[in-house]
Amino acid sequence: MQDVKSYRDSWSSIRKLVRANVKTYTMIIALLLIWALFAVLTGGIFFSPRNMSNLFRQMSIISFLATGMVLVIVLGNIDLSVGSVTGFISAVVALMQARVFPNLLPSLFPAMSADTMGIISTVLTIIVGLAVGLLIGLFQGSIISYLGVPAFIVTLGGMLIFRGGILGVTNGKTIVPVEDSLVYIAQGYLSSATGVILAAIIIGLIFLFTFESRRRKEKYGFELPSLSTDLLKAGFFSAIVLAYIVYMNLYKGLQLPVLLLAVVALIVTYIANNTRFGRYVYAVGGNREATRLSGINIKLTVFKVHVLMGLLSAVAGIVLTGYVAAGTVNAGVNYELDTIASCVIGGTSLMGGEGTIFGAIVGSLIMASIINGMSVMNMPIFWQYIVRGVVLIAAVYLDVASKKRKD
């Protein structure tokens, strides 16, 4: 009798879990269908370890932007400047690597070896890139939150300002070379053994956090799902991690930018779900007037979100420079569209108040899969633009229709 009750509790918990995450599961099913379609259309080339490795590496830059854009959209704002900001920071980073530090460092440290100087140049360049992103976030965030100019207008102006900045920094030419250490950050791989060890650590942490979460919920009197449900959930994510590492090891191993993306996504997810600031962001997006009456500083919350967006644009710009091993005039073109599309496809509502970092990552993976699949098929470039535009419009329509049904 006890076994029957336990079975019913477990089944009930699983049904609640499915209902609560139906949007996430829909996205994952859509992703699998897209992969299956391209696998058929490309004769299996799409699923080759090499192509899948490149696909995940390509999606990382847009995913960095999407993790920040989620919070911007949850507020009810939009940021149209992220593509130009990413391109501008990429150009500044390339300029530091190709022109500034190669002239400055030898005069300061004449006895230093070229390899050591290259690593120092990369570290200093990353600091400069993050500082530029921080300043841009402070600049745009101040105008939006404290001067009251709509985010749409500020970031539209920012898009033009920083696109002009790219032309000014590059003088219309590609900036090369950049240090191998910077290229390694965007194009490097972990060895197979290191990847397996990392997978074992991650799986251990997944189960550790699962039990720790249950202990904390029990301590504060929250309702606990059954143990088998939590173990099933932890086992599912562990299987994904292990399968991913094993599959990537069939090519060159775990990609460094993907590892960096995982770290950034975990940090932003923690900020969004476990801090007072994160709760304020969702509160402002859900009901701004009620949030104001409850005494929350809305202007400061909006300001912080745009500063975070500036920093994440800097991370994307640094990785982009390493990815192309240069600073180019066209860097970051249309990134804002792909980023917004990734968030909306991933379940972030343009009406504000709803959205998750995990959903945005899945959304960017869907967008990257569509782009990658069309490229593997050698589809004409004009069709690729048309398809991406249609996908964006369809995603927004589904968001609007979903909102109407709820109302």
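Contact is defined here as heavy atoms within 4.5 Å. The structure is a predicted model, in which local features need pLDDT of at least 70 and side-chain atom pairs count only at pLDDT 80 or more, while totals for chains, interfaces and linings use all residues. Residues are numbered from 1 along each chain as its sequence is written, and side-chain values use heavy atoms, with hydrogens and water left out.

Not counting residues up to four places away in sequence, tryptophan 35 touches Phe46, Phe47, Met52, Leu55, Phe56, Leu365 and Ser369. Trp35, Phe56 and Met69 have the most contacts inside the largest nonpolar core, which has 78 residues. A nonpolar core is a set of buried Ala, Val, Leu, Ile, Met, Phe, Trp, Tyr and Cys residues joined through side-chain atoms within 4.5 Å; buried means under 20% relative accessible area, exposed over 50% and partly exposed in between (1.4 Å probe, protein chains only). Helix H3 (residues 49–74) gives the most to this core, with 15 residues. Helices are DSSP runs of H or I with at least four residues, numbered from the N terminus. Another core, of 23 residues, lies apart from the largest one and includes Val85, Phe88, Ile175 and Ile318.

Helix H13 spans residues 298–324, and 21 of its 27 residues are buried. Alanine 325 follows H13 and has a positive phi, near 55 degrees.

Serine 121 is placed in helix H5 (residues 114–146). Serine 121 counts as buried because its relative accessibility is 2%. Residues up to four places away in sequence aside, serine 121 touches Gln97, Phe101, Leu105 and Glu179.

Conventions
Helices (H or I, at least four residues) and strands (E, at least two) are DSSP runs, numbered from the N terminus. The expected span of a helix is 1.5 Å times one less than its number of residues.
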